[in-house]
Amino acid sequence: MKRLFIAVALLLAGALCVPAQDAATLAAVEDKLQKLRTEIEDIQFRLKKNEDEMEAIRRDMQNVRGGASAEQIQALEARIAAVDAARQRDKQAIIDQLAKELAGLGTGTKPAVAPAASGREHIVKKGESLSSIARLHGVSVADLRKANNLSSDNLSVDQKLVLPK
């Protein structure tokens with residue numbers, strides 16, 4: 001902003017040094033001066049607009065801060081962290097399942113399933129893994145693998161798994 005004012009001052013000083021008979025030069029200087037004035041007005045308008053937007057943001061932030069207590073904010077942050085952790089666990093389970101399925105593509109074998117002696121079964125759905133099924137039913141992956149005579153963690157959709165007692 002200061003640079004523009006300095007430029008305007010220099011142009012004015014230069015205009016005063018121009019001989020009066022050189023009207024074309026004077027007209028060019030006046031034209032440049034008008035363009036600079038227009039630019040200054042535009043910059044001032046944008047500056048005011050930015051200041052207004054910043055004030056609106058400050059008011060919004062104050063409303064948000066004033067609307068929630070520290071305990072509420074802390075509780076929300078804890079919930080966000082818990083959801084994010086669960087999302088990360090699910091993501092890892094999906095990655096693990098995909099890696100196992102990709103590794104099992106070359107073998108072409110399907111795991112054998114033991115008969116349902118306990119009467120408790122689980123039908124494998126798309127996206128499920130041994131670890132997610134074990135977690136769902138409160139059993140260990142090792143017990144689930146043993147109850148179904150599984151030599152790997154590879155599962156197929158609609159596969160029946162016996163749930164250990």
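Guide: Helices (H or I, at least four residues) and strands (E, at least two) are DSSP runs, numbered from the N terminus. This is a predicted model, where local features need pLDDT of at least 70 and side-chain atom pairs count only at pLDDT 80 or more, while totals for chains, interfaces and linings use all residues. Residues are numbered from 1 along each chain as its sequence is written, and side-chain values use heavy atoms, leaving out hydrogens and water.

Visitor: How many helices and strands are in the protein?
Guide: The protein has 5 helices and 2 strands, in the order α-α-α-β-α-α-β from the N terminus.

Visitor: How many salt bridges does the structure hold?
Guide: Side chains of opposite charge can pair when their charged atoms come close. A salt bridge here is a side-chain nitrogen of Lys or Arg within 4 Å of a carboxyl oxygen of Asp or Glu. The structure holds 4. In one of them, D31 pairs with K35, with the closest N and O atoms 3.7 Å apart. Both lie in helix 2 (residues 23–67), 4 residues apart, about one turn of the helix. D52 and K48 also meet in a salt bridge, at 3.1 Å from N to O, and these two are 4 residues apart in helix 2 as well.

Visitor: Is D153, the partner of R145, buried or exposed?
Guide: Buried means under 20% relative accessible area, exposed over 50%, and partly exposed in between (1.4 Å probe, protein chains only). D153 counts as buried because its relative accessibility is 15%. R145, at 25%, is partly exposed; the closest N and O atoms of this salt bridge are 2.4 Å apart.
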